Amino acid sequence: MTRPDLHDRILAQRQQRVALARQRTRRTVNRRDGVRVEVEGRWLTEFSSNDYLGLAQQFEVTNALQDAAAREGTGAGASHLVSGHHAAHDGLERDIADWLGYPRALLFGSGFLANLAVQQALLEDGDVCVQDRLNHASLLDATRLAGAKLRRYPHLDPEGALRQLKLQPDGAAMLATDGVFSMDGDTAPLRALSLVARMQQALFFVDDAHGVGVRGPEGRGSVAEARMGVADVPLQLVTLGKALGGYGAVVVGEETLIQHLAETARPYIYTTALPPALAAATRVAVKHARRDQWRREKLQSLVDRFRSGAQRAGLQLMASDTPIQPVLCGSDGNALALAAALDSAGYLVPAIRPPTVPDGKARLRVTLSALHSPQDVDGLVDTLARSWEAVQRVHGAVA
């Protein structure tokens, strides 16, 4: 018997990524001050963070973290079902459930774990999960790991979702979608998808990682913005690492579903609970996200300012009115060259390439925060326009 050598395999894969200019590298942030970050000895204005409301360094939030760490220490000590479920965890779950108008919430270490937990706990062999083609990787991977059949429909296409569900009449069914799509910045047609799920007796699950805090009344997210609630969307994921500025995730939903997750979901049972100090800080962040409407209003004004300026400059945007504003570049080379030009000019904006996005759809993923100023946005747009002209002269226009 001769097995494939894993070292040979990863070397070949690495060589392929290098040939396609798709290798991934990390950059270390040495210090952060609002939207300014020090990277490799240089201060850059960051347009790449998901801290949409500017709460990650808000003084009440960080004070709550420090105070709770002084009392509780740095870790929970155990899993939730052993002895790691602290009062701060319980309070955070209650706060988020109350904010979003759901009966109950369950706290997880990350959105990836939460999406895996939902599908592993609810789906079995022979069941199906129907998903938008551009759903987050955690939703797609969760279906495969749960052992259920994964069926995908064209982006934002409720009729496509209906067709896929009709083709899988046997077994339990789940219809899952992002609320706001992380790479395109557009929003799912939630009301139409909810109707499809009801017609096909499928459980409707919305991952609103990029919507909660930003969209809807009191920042309650895409589901609330669509004037829906638990009766329409029995399960919803809320991330704590985007608009709330922290880390972790919460699943909100019907009482029976959340209780089932708490008793059976392997990513919940078999892992140490989130640090209580982080939960305490996130409770303060939730208070601000719920109360500080000015943050959302300022953020939306910056989104509008960026879009109008970029369109005047002839940049190719996508159909997004959210803080996620992709600038299409076409080829990988164009995206990398534009990101490098911005870096030289003092702006940190990542180039997003396949397989994260489809071939030929490489882009810069510009994200806006309530901490940005109008001058920050204007400076970025001006630099983008000049740099894009230079990139086109060297690398060619959008594919």
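Visitor: Why does Thr45 count as buried?

Guide: The relative accessibility of Thr45 is 10%, and buried means under 20%, so Thr45 counts as buried. This value, like the others here, comes from a predicted model.

Visitor: What is in contact with Thr45, leaving aside its neighbours within four places in sequence?

Guide: Thr45 lies in strand 3. With those neighbours left aside, its contacts are Val35, Arg36, Gly346, Tyr347, Leu348, His372 and Asp376.

Visitor: Why does Val29 count as partly exposed?

Guide: Val29 has 36% relative accessibility, so it counts as partly exposed. Val29 belongs to strand 1. It touches Val37, Glu38 and Val39 when residues up to four places away in sequence are not counted.

Visitor: Which parts of the chain does the pair of Phe47 and Tyr347 link?

Guide: The pair links distant parts: Phe47 is in the loop between strand 3 (42–46) and helix 2 (59–72), and Tyr347 is in strand 12, 300 residues apart. Both Phe47 and Tyr347 are buried.

Visitor: What makes the pair of Phe108 and Tyr268 edge-to-face?

Guide: Their ring centres are 5.5 Å apart and their planes are at 65°. Planes over 60 degrees apart count as edge-to-face, so that is the name for this pair. Phe108 in strand 4 and Tyr268 in helix 11 (residues 266–269) are 160 residues apart, so the pair links distant parts of the chain. Both Phe108 and Tyr268 are buried.

Visitor: What lines the largest cavity?

Guide: The lining consists of His80, Leu107, Phe108, Gly109, Pro267, Tyr268, Thr271, Thr272, Ala273 and Leu274. Strand 4 and helix 11 each supply at least two of the lining residues. The lining divides into 6 nonpolar, 4 polar and no charged residues. About 40 Å³ of space lies in this cavity, and a search of the whole structure finds 1 cavity of 30 Å³ or more.

Visitor: How do you know where empty space is left?

Guide: A probe the size of a water molecule is rolled over the atoms, and this shows where empty space is left. What counts as a cavity is space where the probe fits but cannot get out, whereas a pocket is open.

Visitor: What volume does the largest pocket have?

Guide: The volume of the largest pocket is about 880 Å³. It is lined by 40 residues, and His136, Ala137, Ser182, Met183 and His210 are the closest to its centre. Helix 5 (111–122), helix 6 (137–146), strand 9 and strand 14 (362–367) each supply at least two lining residues. The lining comprises 15 nonpolar, 15 polar and 10 charged residues.

Visitor: Which element gives the most to the lining of the second largest pocket?

Guide: Helix 14 gives the most, with 3 residues. The second largest pocket holds about 630 Å³ of space. Its lining has 21 residues, and Thr25, Arg27, Pro350, Ala351 and Arg353 lie nearest the centre. By class, the lining has 10 nonpolar, 4 polar and 7 charged residues.

Visitor: How do you know what helix 4 should span?

Guide: Helix 4 (residues 87–100) has 14 residues, and at 1.5 Å a residue it should span 20 Å. The expected span takes one less than the number of residues. The end C-alpha atoms of helix 4 are 20 Å apart, so the span agrees. Helix 4 is followed by Gly101, whose phi is positive, near 75°.

Visitor: What do the buried residues of helix 4 pack against?

Guide: They pack against helix 3 (80–84), strand 4 (104–108), strand 9 (235–239), strand 10 (249–253) and helix 12 (276–291). Among the buried residues of helix 4 are Leu92, Ile96 and Trp99.

Terms used: Residues numbered from 1 in each chain as written. Predicted model: local features only at pLDDT ≥ 70, side-chain atom pairs only at ≥ 80, totals over all residues. Heavy atoms only, no water. Helix = DSSP H or I, 4+ residues; strand = E, 2+ residues; numbered from the N terminus. Buried < 20%, exposed > 50% of the residue type's maximum accessible area, 1.4 Å probe, protein only. Contact = heavy atoms within 4.5 Å. 1 Å grid on protein atoms, 1.4 Å probe; cavity = no way out; pocket = protein on both sides within 12 Å on 5 of 7 lines; lining within 4 Å. Points joined across faces, edges and corners; volume = space filled by probe spheres on them. Nonpolar A, V, L, I, M, F, W, Y, C, P; charged D, E, K, R; others polar. Phe/Tyr/Trp six-rings, centres within 6.5 Å; stacked < 30°, edge-to-face > 60°.
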